[in-house]
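Here is my notebook page for today. I picked a few spots and wrote down what I found.

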Amino acid sequence: MQYKSYQHIERLGREEVEGILEGKCYIQPKIDGTNGVLFLGDDGVVHAGSRKKELTLEDDNAGFCKKLTGNSAILSYLQQHPDHYLFGEWLIPHTIRFYNEDSWQQFYIFDVFELSGENGRYLSYEEYVPLLEEYGLTYIPCLAVLDHPQEEQLAELLVKNHYLLAEDRTGEGIVIKNYDYKNRFGRTVWAKIVADEFFKKNNKIRRQDHEAKDSTWEKKITSTYITEAVVHKEYAKIMNEYPEASRQEIIGRVLNAVYLTFIEEDLITAVKTNKNLVLDFNRVKSESNALVKEYIPELFGNNWQRE
């Protein structure tokens with residue numbers, strides 16, 4: 001088989017996942033590592049990929065290819081199921097660095113995709129769990145299975161998500177899967193809630209509008225969607241993907257990544273939820289840059305160095 005990238009998981013509330021809660025939903029912890037995929041190549045050996053490309057031993061992603069392509073259990077599984085892609089999270093230090101010590105450098109499978117001709121489907125949780133358990137492969141468990149979940153139930157799961165963490169810590173967020181769901185564009189897609197973003201946004205919603213009446217639209221919109229969690233996520237990704245980059249290169253990449261993430265993931269939602277919205281995108285970019293500097297001031301200091 002050929003390399004296949006994993007789908008983008010959309011924030012709950014966006015148009016792409018409208019209606020996903022209307023049915024049986026499987027709620028899983030969202031862990032903060034780096035995305036990976038394993039599959040059986042046409043040469044009969046295990047191949048690995050990141051979210052964006054196929055990996056090799058020479059062009060690896062934090063040792064993922066080196067460690068997992070030689071795993072005998074993975075090979076046995078894929079030989080028995082050669083039409084399966086194993087998608088998961090390769091847990092390396094990223095934004096969250098307080099996972100349990102024995103959790104690092106492990107591959108946590110969260111989806112199995114079964115190829116059929118040019119198409120395919122995601123196996124349901126009930127389908128893939130017994131297959132993975134037969135070979136002793138690690139998967140991310142469900143926090144709950146809920147029918148037509150309400151926001152209050154999801155908020156409670158966010159607080160109670162201690163997967164791979166001490167009991168006084170909470171995870172990055174949750175992923176919501178409805179295996180019977182297709183969005184209005186006919187695509188299977190999952191939703192996510194990032195804990196920090198969820199609680200900060202809900203606190204903002206509860207405030208009176210007059211608290212921000214003197215702010216510009218650009219400032220209000222960016223401060224709503226460009227959260228500290230978003231900035232640190234992009235920063236960690238770039239630090240991981242460009243280990244030899246200079247500070248100036250890192251700064252440029254982070255500034256661009258945060259701005260583009262807002263444009264690609266949140267702009268449509270911002271327009272739909274704020275009638276008569278008019279934005280000056282030069283000011284949006286300026287506000288985005290200011291938030292990056294606010295949330296990671298150490299990157300812009302003279303004494304910055306890699307950890």
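**Strand β3, inside and out**

I looked at which way the side chains of β3 go: T34, G36, L38 and L40 point one way, N35, V37 and F39 point the other way, and all are buried. Buried here means under 20% relative accessible area, with a 1.4 Å probe and protein chains only. Strands are DSSP runs (E, at least two residues), numbered from the N terminus.

I noted that this is a predicted model, where local features need pLDDT of at least 70, side-chain atom pairs count only at pLDDT 80 or more, and totals for chains, interfaces and linings use all residues. Residues are numbered from 1 along each chain as its sequence is written, and side-chain values use heavy atoms, with hydrogens and water left out.

Why is β3 largely enclosed by the rest of the structure? Because 7 of the 7 residues of this strand (residues 34-40) are buried.

**Its partners**

I checked pairing next (two strands pair if DSSP finds at least two bridges between them). β3 and β5 (residues 84-90) run antiparallel, joined by 5 bridges, and V37 has F87 in β5 as its bridge partner. β3 and β4 (residues 46-49) are also antiparallel, with 4 bridges; L38 is partnered with A48.

**E15**

I then moved to E15, in the loop between β1 (10-11) and β2 (24-30). E15 counts as buried because its relative accessibility is 18%. Its side chain makes a polar contact of 2.5 Å with that of R184. For a polar contact I need a pair of N or O atoms within 3.5 Å, and within protein one must be able to donate a hydrogen and the other to accept it; residues adjacent in sequence count only if both atoms are side-chain atoms.

Terms used
Buried < 20%, exposed > 50% of the residue type's maximum accessible area, 1.4 Å probe, protein only.
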